Structures are given as structure tokens and as C-alpha cells.
Amino acid sequence: MIGDIVCISHLRWDFVWQRPQHLLSLLARQQRILFVEEPVSRVGIEEPLLEVLPGQNSENVTVLRLVVPVTQDRWIGHGDAIAQATYEQMLNGYLVAQGFDPAVLWLYTPMALDFVEKVPHKVLIYDVMDQLAAFKGAPPELLTQEEQLLRQADIVFTGGASLYRAKLPFNSNTHLFPSGVEIEHFAQADDGHNFELPEDIQNIARPILGYYGVIDERMDLPLLAYIAENRPDWQLVMLGPVVKISPEELPQAPNLHYPGMKTYEQLPVYLAHFDVALVPFAMNEATRYLSPTKTLEYMAAHKPIVSNPIHDVVELYGTVVCIAYSPAEFVAQVEAALSDDAAARRSKEDELLAKHTWDSIAERMSRLIEAQLEASVSGSKQIEPAGGKVR
């Protein structure tokens, strides 16, 4: 039993269901989780207030969000010069009032570094799911803050092999936990299940080349335009919210479709109708450390997958995923995937899936945290690294 966990994240709990939601909802079976989101500003209030919400789809998860009056048109995040002190005070007041005794402070962003000194805890965890400093609009101080957080953390988890190599020099107690998959959920999209074609893609022809996830600066937009132009008989369905780029930047074509964001529950319904699943991320600084969760989810549905040569995709899943090194090769790989033998790759897919379930990841993380808590009580500095290894 770990005890109460306070998690501070740059992501919203009710946004795209991904690594934080998977892990914390599983850990919440044994302990209370407080998920602290970035502050928001709101018209019509005069004083800051703390919004308390139930964690959607997860019992034992409570979401906290500081709401401040609108004073100017600007983004407000963790570490904000105006909002941070208020957030710290109101968060600690809530912890006391609700009888929270945080054993673990779990951070997903270095921007939350200020909370480390203010929120009581026994173990500090930094779970690195992205190289946030490489993202569009990242504040210049993020790299310095991350290095400080890496050195302070009792345990560092990383969501991919490239991230593991990059963070290990700063903290020897760093553990590799590539993103996992809820196999049963996405296996619904296998050919044995008969989902009706969703209404918003009902009138398009086949084959369907599908993607789901955030559509942002990491997407290879020229590649999408190239495929759409060169194979007008293929339909590209790009599911997900458009963030940090303007919708006007998205390539447009009669066979390019953007149906918007879908819930986690809806994803298998759409995935069932993908003839080929795409991982069309650009090869740039923002994707250098990317380890896309969707790769395993596509795999659980036993869909053929074509990807750009993202380092972690090649290293972790290259025995199953078709890798393309140019737009022309991407088209050729999709062409081959449309007529590939699903039975021939199924055993390899099942072997990979068995190694990367969210349940097993959460269980292994729990053991590491429990050992660290025991070491903290006994006065030891840290446990020996026991996570995955990368050469």
C-alpha cells in the first residue's frame, strides 16, 4: 500500500486519455489520487476559487483546478508568477481539510517544480512522458527546471527508450517504462467485432487509412498532403483535437477527413474500420523522444501499421511496424500493408502486447515506489534501479 498520491500535471484529466490517466486510474484501486491541473482564468469571478471535480472514468481520483479572475489575455500555467502562491496555499488547505497525507508527489511537468517545496511528501516522482522543452511554445526556462527536477526526484520514470537514455545521466534511479496498452479495449476493433460505421465517416469509400491522437506541430502535414494527392482513391481519416497549430494549416483534399476528437470509449469503433493504421509524425526535434502509445493500441486490433522512422517505434516495434523513410516509401508501405497477411504477424504482435500492458506497468511501478518509501523511512537515499534497461 503506497498511500495518498498528489499528481501535478500539464494535461487535463478529461482530455485525450493517455499515460497519466491509465496509470493513475489503476493505482487508484489501492489509494487516493489527487490530480492537480493547471490553473484556468474565468470571466465573472472576483476571487480565486478551487474547483473540485470527480475524475471521469475513475473512482478514487479527484481533480483539482485553480480558477482565477481574468485579468489579462494570457496563458496561465503551473509556476505562474501571479497564480502559483495562491495555488500552493489553496492546495495545502484542501489537503488538510480532506485528511490527505501525501506519501507521493508525482509530477508530469517541470513547470510544477515550485510545488515540491510546498506540498508535503515522502517520495518525489517525475514521470517523463515527453520532451516538453521541444514542444511549440515551451518556455525557455523549462530545460533548466527539468534538470533541477531530475536531480531532486527520488524516482524517475520514462515513457520511452530515447527518453530513458537522455534522463539517466541526471538521475541513476531512472527506470524505463514505455507506454502500455489495454489489450481488451482495443481488441474490440479486431475483425471479429462488427461495429457499425460511425456516422461522420459513413459516406467515405475504402480503403481507410486512419490515425487518432492529438494533431499538432509534431504531425507530418506535408506527408498527409502527399498521400492524399498521389492516392486519391485512399481515404485518410485523422481523428483528434487540433492544438497549438491553426486548423487552416492542415492540408485539405477531398480524401482528407478531420472528424475531430473522440472519447477513449469510441476509439475501437473507429479503429475497427481502419484498413491501415498510421503513425505519421514528422521527424523533428519535437518527436526526437516520442514513443507513441497508439502504436500498441493499433497492434491490439491487429491492424497493419505504417510509421515514419520515429526512433522508439523502430527500436521497440520495428519487427511488426512497417517503417517508411520518405513520402514515396510511405505510400509503397501502405500499398503493401493493404494486402499483407495478418496471420503472419499476429504471433509477433501478441508477444509484444503481452510485455506492455498498463496493468503490469502499474504493478511494477508500485513495487518500486513501495521500496523507495521503505528506503526513505530507513534513511537510505534511494533504491537500486530496477526498471527496464536499454543498451
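This is a predicted model: local features need pLDDT of at least 70, side-chain atom pairs count only at pLDDT 80 or more; totals for chains, interfaces and linings use all residues.
Residues are numbered from 1 along each chain as its sequence is written, and side-chain values use heavy atoms, leaving out hydrogens and water.

Let's begin with helices. Here they are DSSP runs (H or I, at least four residues), numbered from the N terminus. Two packed helices are described by the angle between their axes and the distance between the axes. The axes are lines fitted to C-alpha atoms over the stretch in contact, with angles from 0 to 180 degrees between N-to-C directions.

How do α1 and α13 pack? Their axes lie 9 Å apart, at an angle of about 65°. That makes α1 roughly perpendicular to α13, a term for 65 to 115 degrees. The crossing is right-handed, meaning that the near helix is turned clockwise from the far one by less than a right angle. On the α1 side, the contact (heavy atoms within 4.5 Å) uses Arg19, His22, Leu23, Leu26 and Leu27. From α13 come Trp358, Asp359, Ile361, Ala362, Met365 and Ser366. By class, that contact has seven nonpolar, two polar and two charged residues. Nonpolar here is Ala, Val, Leu, Ile, Met, Phe, Trp, Tyr, Cys and Pro; charged is Asp, Glu, Lys and Arg; the others, Gly among them, are polar.

A pocket is an open set of points on a 1 Å grid over the protein atoms alone, with protein on both sides within 12 Å along at least five of seven lines, and lining residues have an atom within 4 Å of a point. The second largest pocket holds about 230 Å³, its volume being the space filled by probe spheres set on points joined across faces, edges and corners. Of its 14 lining residues, His22, Ser25, Leu26, Arg29 and Glu182 are closest to the centre. Which helix gives the most to this lining? That is α1, with three residues. The lining divides into five nonpolar, four polar and five charged residues.

Finally, the other pair: α7 (residues 221-230) and α11 (residues 327-337) have axes that come within 10 Å and cross at roughly 55°. Leu223, Tyr226 and Ile227 of α7 meet Pro327, Ala328, Phe330 and Val331 of α11. That contact has seven nonpolar, no polar and no charged residues.

Notes:
On a 1 Å grid over the protein atoms alone, a cavity is a set of points where a 1.4 Å probe fits but cannot get out, and a pocket is an open set with protein on both sides within 12 Å along at least five of seven lines; lining residues have an atom within 4 Å of a point. Helices (H or I, at least four residues) and strands (E, at least two) are DSSP runs, numbered from the N terminus. Angles under 35 degrees count as roughly parallel, over 145 as roughly antiparallel, 65 to 115 as roughly perpendicular and the rest as oblique.
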